[in-house]
Amino acid sequence: MWKGYYGREPFDLRLTVLRMWRRIWLIAAVTILGTLVFGGGYYVKNVLLRGEGPYAAESVFRLEYAVDDVEDMMDVFINAATWNTYIKSKVFLDEVQAGLTGTPEIGDQELAESMEAFVLTDVRMPSVTVTTQDPEKSERIARAVEAAMVRNLSFSEIASVTVLDPGEAYEVIPDVRPARAFWLSGILSCFFALTVLLLKETGDDSIWLPCTIGRRYGLKVAGTLADRGLAENMRYFFRDASGAEGMGRVAVCGALERTVSGEVLEKLRKRCPDIVGEGWFAAQYPLKEGNCEKLREAAGILLAVPAGPHVGKRLEYMLDYLRQQDCEVTAVILWEADEKLIRRYYFGRQPGSGADKRSKYGNEG
């Protein structure tokens, strides 16, 4: 009787690679589609539909700290966080608003959001960047900020402030990299397609190779119709059932209802005429009522398992049913097999015959 090893058979990397190679068109299609959707969307949003960018004016200041020695300056210098807190305070905003008289009114919140302070390399040279949607507005605020910084700076650590570089408005060009977006979209789309296909391939119960049946169900596998060792395997597996004259009763039945047993038997007779004798007969689908009685009367049972997806679980159900009916499967043949896939799996060579063939198919005994 059969023993199930479904889900515990070793991962077949070679078969997986061949199956993935056959779906290279799908992987390529998903990659191209993902590149066009995500990379193209990024390009349209940030390049084609990008409106006029904001304008910034950066003012650079020179500070003189109220210290006697340069080394003491490191103990009292003001960092960027303190500068940002200061320029957004009510005291400083009022000073800036005083310098904006005679211009369209700007609210304190808008004014605070438009300013940002930086201390990049030298602690004595902070900068304030004003960013708005209008270049003239950015420059007006920048002039008012410069005046407020020079006129009334509320830091006792600072002796004086000088405007080193007055801010002039320039358009802020966003960091748009469409080429990188296209590459990243393609890589992620390809990775997604590979991951989904690998998960599907790993969890699928498909049967594509004769050796899969041997590894997964522990059954003897005669091979496929195109195998060179098919006749020798059939002779060995049914040596007791065929009898001295090869006239023993052997039932040939399909593992799935779509498999026509008569067609399988006819092709076997053409392929192995000296083994498949008159006593061999085509049995009806075993799951139909009353068909197992003829199988029990036969000296041997050859089960034709069609290759393809979603076969494994149905085959397992069939084998369980046959076991309950005391119908022992003598051997299995892989029907409608993809011979090109099998040849590539064995590097272009058909598996050997006899004992070597049974070993490659994972047969026991």
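Is valine 221 buried or exposed in this predicted model?

**View 1. Valine 221 in strand E6 of the predicted model.** Valine 221 belongs to strand E6, which spans residues 221–223, and with a relative accessibility of 0% this valine counts as buried. Another valine, valine 145, stands 76 residues away along the chain, and the C-alpha atoms of valine 221 and valine 145 are 87 Å apart.

**View 2. The open sheet to which strand E6 belongs.** Five strands, in the order E6-E10-E9-E7-E8, make up an open sheet in which the pairing is parallel. Strands E6 and E8, the latter covering residues 280–282, stand at the edges and have a single partner strand each, so one side of each is left without a neighbour in the sheet. From one strand to the next, the twist averages 25°. Strands of a sheet pair through backbone hydrogen bonds, in either a parallel or an antiparallel arrangement. Helix H9 (residues 210–217) lies across E6, strand E9 (300–306) and strand E10 (331–335), and the direction of H9 makes an angle of about 175° with E6.

**View 3. Strand E7 and its pairing with strand E8.** Strand E7, residues 250–254, pairs with E8 in the parallel sense, and three bridges join these two strands. Valine 250 has tryptophan 280 of E8 as its bridge partner, while alanine 251 stands opposite phenylalanine 281, also in E8. Five of the five residues of E7 are buried, so this strand is largely enclosed by the rest of the structure. The burial concerns both faces of E7, with Val250, Val252 and Gly254 buried on one side and Ala251 and Cys253 buried on the other.

**View 4. The buried face of helix H5.** Within helix H5, which runs over residues 90–99, the buried residues are Phe92, Leu93, Glu95 and Val96. When H5 is seen down its axis, these buried residues fall within an arc of 155°, so they line one face of the helix. Among the elements that cover them are helix H4 (80–87), helix H6 (108–114), strand E2 (115–118) and helix H7 (135–151).

**View 5. Asparagine 84 in helix H4.** Asparagine 84 is placed in helix H4, and its relative accessible area of 18% makes it buried, because the cut-off for a buried residue is a relative accessible area under 20%. When the neighbours within four places in sequence are left aside, asparagine 84 is in contact with Glu116 and Ala117.

**View 6. The packing of helix H1 against helix H8.** Helix H1 (residues 13–22) packs with helix H8 (residues 178–203) at an angle of about 130°, and the axes of the two helices are 11 Å apart. H1 and H8 are therefore oblique to each other, and H1 passes H8 in a right-handed crossing. On the H1 side of the contact are Thr16, Arg19 and Met20, which meet Leu194, Leu197, Leu198 and Glu201 of H8.

**View 7. The buried residues of helix H2.** In helix H2, which covers residues 24–48, the buried residues are Ile27, Thr31, Gly34, Thr35, Gly39 and Gly40. The cover over these buried residues includes H1 and H8, the helices that pack at an angle of about 130°.

Notes. Residues numbered from 1 in each chain as written. Predicted model: local features only at pLDDT ≥ 70, side-chain atom pairs only at ≥ 80, totals over all residues. Heavy atoms only, no water. Buried < 20%, exposed > 50% of the residue type's maximum accessible area, 1.4 Å probe, protein only. Helix = DSSP H or I, 4+ residues; strand = E, 2+ residues; numbered from the N terminus. Arc of directions from axis to C-beta. Contact = heavy atoms within 4.5 Å. Pairing = 2+ DSSP bridges. Axes fitted to C-alpha atoms, helices over the stretch in contact; angles between N-to-C directions. Parallel < 35°, antiparallel > 145°, perpendicular 65-115°, else oblique. Left-handed = near helix turned anticlockwise from the far one by under 90°.
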